[in-house]
Amino acid sequence: MNEYVDNRGKHKARRRSRRRIVVVLLVLGAVAWYGWGAYQKTDGYLSGQSMKQALQATEDKRYDDAVVAYQRVIDNEWPDQQQAGEAQQATYALGLADTSAEQVAALVEYAPQTGRDELVEMSITKGRGAVETFERTDLRGAAAIVGALRYLVPADSSLLKQRISILERLVAQEPDALGAKEELAEVYYDSAGFDRVIDTLEPVRGQLGATTRGALFLGKALSQKGHYEQAIPLLSGYVEPALEQLARHEANYTRLAEAAYQKAFQTLNEGQGSEAFYAKYNEAGEAEQQMLLTQEIHTMMDSDQAYSDAIIAYQEANEVVPHAFDLGIAQLFHARNLPPGDDQTQGLKAAEQTFLALQGAAGESDEYRLFLGQVKYWLGKEEEGSQLFEKLLEANDRNSESLLMVGGVMRELGEQRRAGDIFEEAFEKGQTELEKQNAATLRALTISEPEEQIVWLERCDQSLPQTQVRIANAKARIAKDAGDMEGAIEQMRVAVDGYDKMGDDQSTLNNRSLAYQELFSMTGDPQDYQRGAEEMARALELNPNDGIIVSNALTTMMDSAVIQVLGERFDFRALQGAYSNRMLQMLYADQAGYEAITEQLVAVPAFERARALADRVRLIAPKSAASYTLGMEYYWLANQPQQVAKIGRSMKGLDLDTTAVEQSTRDMWAGTDREDDLEQLRAYLKTLEDSLADLTEGTLEHDYQILRRALGETSLATFEGSDPKLFGQLRKANKIRLSRPCRYADKVVYDIYLTMADQKLRDTEPAYADMAKKTNWGIGAKSRVCWALVQEGAEEKWLEDVHLKSAFEILAAHIEKMPSEHSAFDWAMAQAYDAELGQRVRDEIVASEHQLARLIAQKAFNPIDGAAVIEAYLLYRLMGDEAQADQVLAAGREAGIPLP
């Protein structure tokens with residue numbers, strides 16, 4: 001009794017109990033059969049009467065009397081087979097009466113296998129009493145019995161508490177009892193929390209064998225806490241040998257199953273089966289004959305001992321499956337946390353191999369297909385991943401539950417359009433109102449337009465707080481777009497108040513953060529943004545591997561850093577929350593100023609923390625355009641154009657979901673939503689005009705709003721044609737440019753001059769007017785003008801346009817002030833006026849390689865972006881690759897883009 005009995009899993013416990021029962025039966029059987037030889041002349045009547053008394057006592061729950069009666073049977077003889085079978089019960093009762101805690105535990109575990117409810121009930125009653133007895137004298141024995149009882153009454157929370165208490169006292173009493181610590185940690189894992197597992201086993205990590213369950217559960221707990229790098233070696237030590245064993249048993253099972261099948265089939269085919277089978281078979285129809293044959297073969301296979309043993313061995317080896325899932329998930333998430341490169345790729349491949357090793361044992365499960373499908377996506381094997389998701393859906397007849405499961409994963413991977421389609425299908429397939437409401441809730445998450453979002457939100461459960469706040473949030477956005485800032489703020493306060501009353505799960509924290517950030521964009525109250533940033537940090541801490549949360553956290557951290565830098569100069573309250581990264585351009589006018597602002601930004605802790613997310617978000621959501629946009633934005637703000645170029649190049653050949661943006665672009669060409677767009681633009685300009693009335697002229701906030709309004713009027717003029725108000729906006733913008741030299745003022749004035757030049761040329765030059773009419777809104781003023789300047793036959797007099805010359809003067813000054821920031825459009829204008837300056841710009845663009853990578857990214861974001869096509873054309877022209885330039889134009893025209 002000095003050996004520690006470690007109950008580690010239902011199936012292992014039952015296997016162990018079977019072995020112990022066999023030992024008990026052999027011992028008692030030997031005594032009984034020896035008694036049969038020694039007392040063969042004893043009257044069997046007494047034994048039979050004792051059996052009857054024992055059974056009656058059992059039914060009356062007089063277990064002590066039953067034990068005495070059974071004892072008489074064992075001490076005498078077994079006169080017939082019936083009493084021999086019932087002697088098993090005698091053995092069982094004797095085991096419960098025995099003073100050996102190990103035997104009591106084994107027999108308690110064995111109770112369900114007898115098929116006798118009264119014996120199960122007896123086990124529970126007698127087992128509980130035995131726990132109390134041994135708890136006072138033998139904590140090890142008490143732990144073994146209470147562990148066995150847990151399988152008979154798993155819902156009894158008091159029994160769980162008793163088990164934990166016994167094990168904790170045992171560990172305290174015997175600090176070196178490693179087995180007790182391992183069992184306690186395993187109990188903690190399922191009930192008391194992962195921290196307690198780690199606290200129990202971390203101090204003895206060095207003593208845990210590589211293949212022990214202690215190492216396994218320490219690894220599982222570390223993985224659950226996000227410590228994947230520490231968890232993987234511990235999980236691997238247990239899982240990898242078990243997976244090898246699983247593979248051997250799987251192969252053996254497959255081989256013996258085939259052999260048993262062929263043997264049974266051959267036996268029946270040769271007429272060696274039972275007469276009863278052939279009688280039924282000959283009388284049955286064709287369909288029934290096939291069923292009878294299958295059933296008989298399976299019956300005969302079950303009688304094949306080697307095959308039956310292989311099944312048991314294979315089932316026992318399958319115990320590793322959930323632990324292997326944990327290893328694969330740990331490998332997956334660890335790889336996702338690594339920076340892009342060979343280590344990350346190797347980590348993902350290791351996760352893939354772990355999941356593939358489970359294909360035979362778990363390949364048909366939803367969980368397997370879901371996780372392996374994600375791994376395939378992250379490894380760039382989207383087609384294989386998509387096939388796994390489709391198999392999952394087909395296996396579940398594409399029911400609402402499976403559709404929501406796959407749609408959620410697709411959304412996290414960045415497949416917003418496909419996720420939206422799946423959620424709509426789930427809505428249609430929903431059998432209950434709840435299923436439909438859940439689908440509608442998720443569908444609304446994939447929609448950016450607030451009006452359409454409300455349509456789906458109104459199909460959700462209106463009594464739920466989250467539905468109410470999301471509707472309020474959407475209404476706030478609609479009011480803001482319409483210029484009703486007071487109404488927008490009122491609705492957003494309803495939303496944030498609603499979120500504040502909800503719990504603190506990751507989803508609520510994420511949504512609460514976004515609501516507070518949206519409120520900041522209307523009030524300009526830094527406390528609103530700070531609250532949003534804090535809530536997003538909490539959401540990320542809860543789940544650092546959720547693609548949506550990582551993307552939102554990256555945006556929040558970047559904005560938080562920019563707002564911190566801007567907040568030292570801008571009064572956001574005065575601006576009613578107007579915020580954009582381009583506000584940084586108000587703070588510098590040349591390269592030195594730009595680098596100084598960049599250094600301030602990079603030094604902000606939030607910006608530094610964002611770096612890891614900027615690299616990781618593309619792995620987590622590889623099909624989301626936003627993942628790449630955010631990464632490029634981060635490195636652009638950090639003044640690292642090489643990293644921007646690297647991300648751009650990584651997008652070559654990438655198949656992003658661009659359906660929505662392409663449709664929006666075609667609608668713009670056709671003018672489908674032009675009136676709505678113009679109305680929204682006018683409302684925006686009215687908001688700017690109203691805000692200017694409350695600002696002091698000459699302040700940073702006033703000048704910024706003036707420049708924003710001038711840029712907005714330029715956009716309006718592009719839609720509506722020549723607008724005399726542009727002259728007034730030009731004067732105001734130029735005044736700021738001279739009084740407050742900054743990059744933003746230069747850009748605004750430059751854009752106004754180009755727009756005015758474009759309008760003048762359309763009004764006065766027939767050839768240019770024809771080209772402008774053909775391109776319509778497919779490309780902007782800058783694209784049209786720069787295209788014209790590089791064409792053979794471009795008229796010299798076009799260069800005399802006063803607005804165009806003024807634009808060039810601003811560009812030439814900019815090239816001197818910021819030598820590292822040029823584009824193919826800059827080259828087109830520079831070479832038209834100053835060949836030497838044009839050559840200088842060309843050399844700098846070719847040396848940087850940044851522009852080509854950025855165009856690759858633009859094409860991935862929107863394959864039918866007309867401005868990007870013109871810029872690519874110009875870029876290849878300046879590089880001297882005329883053939884590639886012509887090919888770009890041809891491909892653009894084939895795609896239907898209205899090009900010159």
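## Arg 205 and Glu 202

Arg 205 is partly exposed in this predicted model, with a relative accessible area of 25%. Its side chain meets that of Glu 202 in a salt bridge, with 3.0 Å from N to O. Glu 202 also counts as partly exposed, because its relative accessibility is 29%, which falls between the 20% limit for buried and the 50% limit for exposed.

Elsewhere, salt bridges with shared partners form one network made of Asp 500, Asp 504, Arg 512, Arg 531, Glu 535 and Arg 538. The whole structure contains 45 salt bridges.

Glu 174 and Arg 140 form a salt bridge in which the closest N and O atoms are 2.6 Å apart. The two residues are 34 residues apart and link distant parts of the chain: Arg 140 belongs to helix 7 (residues 139-149), while Glu 174 sits in the loop between helix 8 (157-173) and helix 9 (178-191). With a relative accessible area of 25%, Glu 174 is partly exposed.

A salt bridge also joins the side chains of Arg 196 and Glu 168, at 2.9 Å from N to O. Arg 196 is in helix 10 (residues 194-201) and Glu 168 is in helix 8, so this pair ties together parts that lie 28 residues apart in sequence. Both partners are partly exposed: Arg 196 has a relative accessibility of 37%, and Glu 168 has a relative accessible area of 30%.

## Gln 374 in helix 19

Gln 374 is part of helix 19, which covers residues 366-378. Its relative accessible area is 10%, so Gln 374 is buried, the limit for that class being under 20%. When neighbours within four places in sequence are set aside, Gln 374 is in contact with Phe 389 and Val 409.

## Cysteines

The structure has 0 disulfides. A disulfide is a covalent bond that connects the sulfur atoms of two cysteines. Cys 460 is buried at a relative accessible area of 5%. Cys 786 is likewise classed as buried, with 0% relative accessibility.

## A nonpolar surface patch

Val 846, Leu 852 and Met 879 make a nonpolar surface patch of about 210 Å². Met 879 is located in the loop between helix 45 (866-878) and helix 46 (882-894). The relative accessibility of Met 879 is 39%, so this residue counts as partly exposed.

Note on methods
Residues are numbered from 1 along each chain as its sequence is written. This is a predicted model: local features need pLDDT of at least 70, side-chain atom pairs count only at pLDDT 80 or more; totals for chains, interfaces and linings use all residues. Side-chain values use heavy atoms; hydrogens and water are left out. Patches are made of residues with over 30% relative accessible area and no salt bridge: like charges are joined within 9 Å, nonpolar side chains (Val, Leu, Ile, Met, Phe, Trp, Tyr) within 5 Å. Accessible areas come from the Shrake-Rupley method with a 1.4 Å probe; for residues, only the protein chains shown count as cover. A salt bridge is a side-chain nitrogen of Lys or Arg within 4 Å of a carboxyl oxygen of Asp or Glu. Helices (H or I, at least four residues) and strands (E, at least two) are DSSP runs, numbered from the N terminus. Buried means under 20% relative accessible area, exposed over 50%, partly exposed in between (1.4 Å probe, protein chains only). A disulfide is a pair of cysteine sulfur atoms within 2.5 Å. Contact means heavy atoms within 4.5 Å.
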